[in-house]
Amino acid sequence: MSARLYSAVAMLATVALASCQRNSLCIEGDIQNLPDGPMTLSVLDSTLHWTPVDTTEAVGGKFTFNAGLEFDQPECLILSIGSQNMVVFAGNDNIKMSGNALRPEDINVSGSKANKKLVAFAQNIPGKERLAQIKAQMATLAADVDRREELAEEEQAIEAAQLDYIRKSIADNVASPIGPYILFNTLSLFTYDEVEAYYTIFKANQPTHKYVDYLRAELDRTRPLNEARKRIQVGRFAPDFVIRVEGGDTLRLSSLRGDIVLLDFWASWNEMSRKNNETILAVFNKFQQVGISVVGVSIDSHPEDWKAAVQADNLPGHQIIDDGSIAELYGVTSLPASFLIDKSGRIVSSDIVAKIFENLGRDSSKK
């Protein structure tokens, strides 16, 4: 959770500290060290991509967006010039921006109550500075195990406090577009069921905001993956499937009950998979006497590349190419992915192969 939480907090922390037509958006800026050139104003569309809706020119740090754009409710806007982005949360507001482009986190935005609320949220995330310090320290303490453990405990405590703060901030903004915006930026920190519960609350309080509709679309998109994750929880029977093996015969996964099964998803073109294959072979050689079957499922699209990799890596067991159905059944979204299945057919571990040694060792010691 550490990297995901740090990334989410960092993104939210970049929100800018924030006479035109009435009932439409107007943004006037006077920002030092802003390069001259074309600027773009973008909004988040239904595909969750940023779509330009207006352009202007920045000259001498000054710019104006005043195309008469109308918004039903406030939403996130991105102002881009070159590789630099500035974030403002606004609707039909008269926005004024000032500051220094060299310090985007200090750019001041006035004229939007929603932006002011979001800035307050970002500024008050607990432990941001300390968490950055911890990560920097841990990068230099590879040999000091005790100190790394101390810092890891402190890091976990800060992250827990940050997650509590994020939860409270979302709960405090169930009737504001700020709520779904914060949730969108921290989705990876929540379970599918938690996000669906938030959606239900948002829909009841702000049924017409497009961010709430986007949240529904994201839930629908990730539902198959959520269902797969429930199927592969540790302790559940491994989802069954049939594979075609050498010679044209078929093999059902459940027919391997009585053996420990190492189910591995990989691809010949994936560097981490190829390194992981060395561990797969080592696991098989070390524990084959206790009854272990390896089922390798490749997502290669070129059979010749797959066959060459199987031979080069000397992979044991049953090796097949998947059309995508088995990977989807097991909710595989990144490679490599390995599952350890015990002799009764239940999933023991869905962690990285390094952990499999430990599990296999415990199982073999019971014989």
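In this predicted model, the largest nonpolar core comprises 31 residues, and those with the most contacts inside it are Phe89, Ile170, Leu183, Phe190, Phe202 and Tyr211. At least two residues of this core come from each of strand E5 (75-81), strand E6 (84-90), helix H2 (113-123), helix H4 (145-172), helix H5 (178-185), helix H6 (192-205) and helix H7 (210-231).

One of the residues with the most contacts inside the core, Leu183, gives a view of how this region is put together. When its neighbours within four places in sequence are left aside, Leu183 is in contact with Ile170, Phe190, Val195, Tyr198, Phe202 and Leu215. Among these partners, Ile170, Phe190 and Phe202 are themselves listed with the most contacts inside the core.

Leu183 is also one of the buried residues of helix H5, a list that runs Ile178, Gly179, Pro180, Tyr181, Ile182, Leu183, Phe184 and Asn185. Because eight of the eight residues of H5 are buried, this helix is largely enclosed by the rest of the structure.

A part of the surroundings of H5 can be followed through its packing against H2. Two packed helices are described by the angle between their axes and the distance between the axes. The crossing in which H2 passes H5 is right-handed. On the H2 side the contact is made by Ala114, Lys117, Leu118 and Phe121, and on the H5 side by Ile178, Tyr181 and Ile182.

Apart from neighbours within four places in sequence, serine 273 is in contact with Trp266, Ala267, Leu335 and Pro336.

Serine 293, by its position, belongs to strand E12, residues 292-298. Because buried means under 20% relative accessible area, serine 293, at 11% relative accessibility, counts as buried. With its neighbours within four places in sequence again left aside, serine 293 is in contact with Leu256, Asp259, Ile260, Val261 and Leu262.

Terms used. Residues are numbered from 1 along each chain as its sequence is written. This is a predicted model: local features need pLDDT of at least 70, side-chain atom pairs count only at pLDDT 80 or more; totals for chains, interfaces and linings use all residues. Side-chain values use heavy atoms; hydrogens and water are left out. A nonpolar core is a set of buried Ala, Val, Leu, Ile, Met, Phe, Trp, Tyr and Cys residues joined through side-chain atoms within 4.5 Å. Buried means under 20% relative accessible area, exposed over 50%, partly exposed in between (1.4 Å probe, protein chains only). Helices (H or I, at least four residues) and strands (E, at least two) are DSSP runs, numbered from the N terminus. Contact means heavy atoms within 4.5 Å. A crossing is left-handed if the near helix is turned anticlockwise from the far one by less than a right angle, and right-handed if clockwise.
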